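Please work through the exercises below with the sequence and the model open side by side. Each task is followed by a solution that goes step by step.

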4 protein chains.
Amino acid sequence: MIRVLIFNEFIEEKTRENVKAVYPNGIHECLREALCEEFEVKTVTQDDENCGITKEVLDNTDVLLWWAHAGHTTVPDEVADLVHDAVLRGMGAIFLHSSHYAKPFKKLMGTSCSLHWREDGDFERVWVINPAHPIAQGIGEYLYIEHEETYGEPFDIPQPDQEVFIGAYEGGEVFRSGCCFLRGNGKVFYFQPGHETFPVYYNEQVRKVLRNAVRWCYNSYRIPEITCPHVTKPQD
Amino acid sequence: MIRVLIFNEFIEEKTRENVKAVYPNGIHECLREALCEEFEVKTVTQDDENCGITKEVLDNTDVLLWWAHAGHTTVPDEVADLVHDAVLRGMGAIFLHSSHYAKPFKKLMGTSCSLHWREDGDFERVWVINPAHPIAQGIGEYLYIEHEETYGEPFDIPQPDQEVFIGAYEGGEVFRSGCCFLRGNGKVFYFQPGHETFPVYYNEQVRKVLRNAVRWCYNSYRIPEITCPHVTKPQD
Amino acid sequence: MIRVLIFNEFIEEKTRENVKAVYPNGIHECLREALCEEFEVKTVTQDDENCGITKEVLDNTDVLLWWAHAGHTTVPDEVADLVHDAVLRGMGAIFLHSSHYAKPFKKLMGTSCSLHWREDGDFERVWVINPAHPIAQGIGEYLYIEHEETYGEPFDIPQPDQEVFIGAYEGGEVFRSGCCFLRGNGKVFYFQPGHETFPVYYNEQVRKVLRNAVRWCYNSYRIPEITCPHVTKPQD
Amino acid sequence: MIRVLIFNEFIEEKTRENVKAVYPNGIHECLREALCEEFEVKTVTQDDENCGITKEVLDNTDVLLWWAHAGHTTVPDEVADLVHDAVLRGMGAIFLHSSHYAKPFKKLMGTSCSLHWREDGDFERVWVINPAHPIAQGIGEYLYIEHEETYGEPFDIPQPDQEVFIGAYEGGEVFRSGCCFLRGNGKVFYFQPGHETFPVYYNEQVRKVLRNAVRWCYNSYRIPEITCPHVTKPQD
């Protein structure tokens, strides 16, 4: 059984009424609900010591989900380094919505990951541009999200290894909403939907994408540590 | 001076009143107008023998533009083969709008190049997703096109080597509207705007994109023929 | 169980003594041996009517392997078209060695697929450059092939979606020996080893790569036909 | 005239006799010699305050070359951040040889950039795999380097946007020796040759590659700072 770890900063669900109203137990509990029937799921938050992240925890994680927004800068660099290292050694990672600006995601991309944004609550259609991709299975032509924060291009990421979704917002913007990256021995998926004030993670299509993405990110191959070895001449 | 050849099938401008009204002298003449101040421009149409395309003509062409729609199937395979071969040997090529289904474009892509479409005359915003790209210079955030045929994803192309534009249509669809492909020794640009019943190629932003694209597609490197040579062991 | 179809032209095993000596029953029988414990395997050759390839046959194939050399030009275009269409609809395809010049491979790539070559029987080390890739599992640092025809760069293919192997030959050449391409709804793998006069497909490492590649190419998603549909405005 | 800045750590040329013997005035002076006829060249070293790197210096640099080895860890993080930021805003950057492990390169890649290595002084052939690429112009089939440190795969980098060279070493290893990356608004080229104990940067072919690479990396587009702007709904 694939072992999933959900990291949610768990800040605004406690400080903003309109977030608490949507996710009374935190976004992580809603995500857990979406995943727990198929996967073994654990959750950690920024309330946990060191964000609940240690090398041992990650060594026992197949796929990490990351949701963060208000707490990006207070995540210790050491935590970002641990996540970065675990992905390069083979762990899968899914970065959600405002986690485009999370330290470990930026560290994996090598770019600024900046974008344009607007918080109007417009609807979004998340179009499938690659219907054969494992992450798009069962989705149909697009996901429909009733209310979402608008993200706009240019999204400063390296050319994705595979693109799965492009979002179109009521207000007219477009955004590469589902992007796959192969980094080191690990697989990374960025998925744009999930603003904290809208019930996006209750949406059944969104949940299906998350489950598909966990399966896609999973990789049985994992190396214990990254080295830059001195080698001897190959002999046969 | 970069030598440009414009191929336009030149069919519907003679057979459909609403096309003739927009392009009385043919789309090729409008494209010529957009390019002739900066480049040396010639035009050919399907009225010319063998579409006006010979190996010699292409050997004297730096960048070919291709507009076609109603005449795809009546372009001889030999013409498509000549264009394909010239691109692989180093010629640049720009395929416009419905030329996604032109024989030489399909031959270069290796995929079906199919898409979704709807002819409502909705407006389109063609968003720049890569502002540093040479083809996007001087465009700003997006091109605005008052009326355009709607093209929708999935667009069955290989992952582009570089993506420059994503279009968003009034009706809600999205489309990878500006895509760069490196094939053999040549550079290929697909640009979606340009439905025959709307005056898209009079749009100054569109014309700037076309000029940028000609410069980007230009490559001074050209090989005389493609071979698969038997070689001897390297010696130094 | 994944359904594998092996196409081998089966020409030189009957006409050249040094090929017959290595593959007395044909390359296809040797490939079958490598795959039949794990997959359901059928074989066809150019002796079969229409190369044994029909739409129905391909609709019942998950992954096609293709070995060809002397018979490229005598494979009917219709057969190449059927294979091309099946891949774009979701079938996996593995092209082996001299099949870089097979009609369906060239049609999928859109490039000339030309390369440099030399037939010295030098050894080759096929280095794993992407150790986490499913096709490289269990291989170690490289495959060692005692005698192989030398293939050299430039290999005129589009930038692969993923690169798994780079070969280094005794004589000094290098070659992108294991390349993955996503085309339409299908997955394509090109694997360079397998010259007909050397017992390459008896090599256990090579056989492991082939089995890995079959699993990687498999895709449960398949569409019945390729269309370019007229659509109506999205409604929710 | 393209403004080039050469950063060389300038450590081993002062501390190791066998390096001093090859580059008595430092690697930067040899690189300057290779570039100064065509470009406006400045040099800085780790002896300069803050490595000679400030935002103002980089704002007046079109393309930065970076050579480093023994001093990676003593380059301040702030310097790496400045370089990283300048590339994302549009500066070109060329990382040479052991700079695969330089802080700004690793930060741009997002991966470990680890590799295999062996210091035997074997010869290397650096094969051109993309003869139409601007960086390969005038090189022929390969660069021949009489003595070089051996670098081996797997080289932990993201899939390059374009690959230009693959190196083959006397001892049998292969390495992606010339790789292009588009990051943010900037262009990055990694070039493997240039071990400090061998006179690689006196090689005329290597010098031609460096000049080609400077021209390729140059981009007239530059943004003053990276932002993640709140935007208003597009209006036309």
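**Exercise 1. Which residues does F39(D) touch, leaving out those up to four places away in sequence?**

Solution. Apply the contact criterion, under which two residues are in contact if their C-beta atoms, placed from the backbone, lie within 7 Å. With residues up to four places away in sequence not counted, F39(D) touches M1(D), I2(D), V4(D) and V214(D).

Before continuing, note that the model is predicted, that local features need pLDDT of at least 70 and side-chain atom pairs pLDDT 80 or more, and that totals for chains, interfaces and linings use all residues. Residues are numbered from 1 along each chain as its sequence is written, while chains are lettered from A and ligands numbered from 1 in the order in which they are written.

**Exercise 2. Is F39(D) buried or exposed?**

Solution. The scale calls a residue buried if 20 or more other C-beta atoms, placed from the backbone, lie within 10 Å of its own, exposed if 12 or fewer do, and partly exposed in between. F39(D) has 20 C-beta neighbours inside 10 Å, and therefore counts as buried. As a distance check, F39(D) and N185(D) are separated by 146 residues in sequence and by 21 Å in space, taken from C-alpha to C-alpha.

**Exercise 3. Describe the overall dimensions and the contact pattern of chain A.**

Solution. Start with the secondary structure of chain A, which comes to 7 helices and 9 strands. The C-alpha trace of chain A spans about 60 × 40 × 35 Å along its principal axes. The radius of gyration is taken over C-alpha atoms, and the globule rule is 2.2 Å times the number of residues to the power 0.38. For 236 residues a compact globule would have a value near 18 Å, and the 17 Å of chain A agrees with this. Of those 236 residues, 57% count as buried. Finally, among contacts in chain A between residues at least 6 apart in sequence, 72% join residues at least 24 apart.

**Exercise 4. What is the strand order of the open sheet in chain C?**

Solution. Two strands pair if DSSP finds at least two bridges between them. On this basis the open sheet of chain C has 9 strands in the order 2-1-3-4-9-8-7-5-6, with mixed pairing. Its edge strands, each pairing on one side only, are strand 2 (40-45) and strand 6 (142-152) of chain C. From one strand to the next the twist averages 25°, with axes being lines fitted to C-alpha atoms, for helices over the stretch in contact, and angles running from 0 to 180 degrees between N-to-C directions.

Now follow strand 1 of chain C, which pairs in the parallel sense with strand 2 of chain C over 6 bridges, F7(C) standing opposite V44(C). Strand 1 of chain C also runs parallel to strand 3 of chain C, with 5 bridges between them, and there L5(C) has L64(C) as its bridge partner. Because 5 of its 6 residues are buried, strand 1 of chain C is largely enclosed by the rest of the structure.

For the antiparallel case, take strand 5 (residues 116-128) and strand 7 (residues 162-169) of chain C, which are joined by 5 bridges; V128(C) is partnered with F165(C) in strand 7 of chain C.

**Exercise 5. How many residues of chain D are in contact with chain A?**

Solution. The contact involves 31 residues of chain D and 31 residues of chain A. Helix 6 (103-109), strand 5 (116-128) and strand 8 (174-183) of chain D each supply at least two residues of the side that touches chain A. By class, this side of chain D has 12 nonpolar, 13 polar and 6 charged residues, where Ala, Val, Leu, Ile, Met, Phe, Trp, Tyr, Cys and Pro count as nonpolar, Asp, Glu, Lys and Arg as charged, and the others, Gly among them, as polar.

Methods. Helix = DSSP H or I, 4+ residues; strand = E, 2+ residues; numbered from the N terminus.
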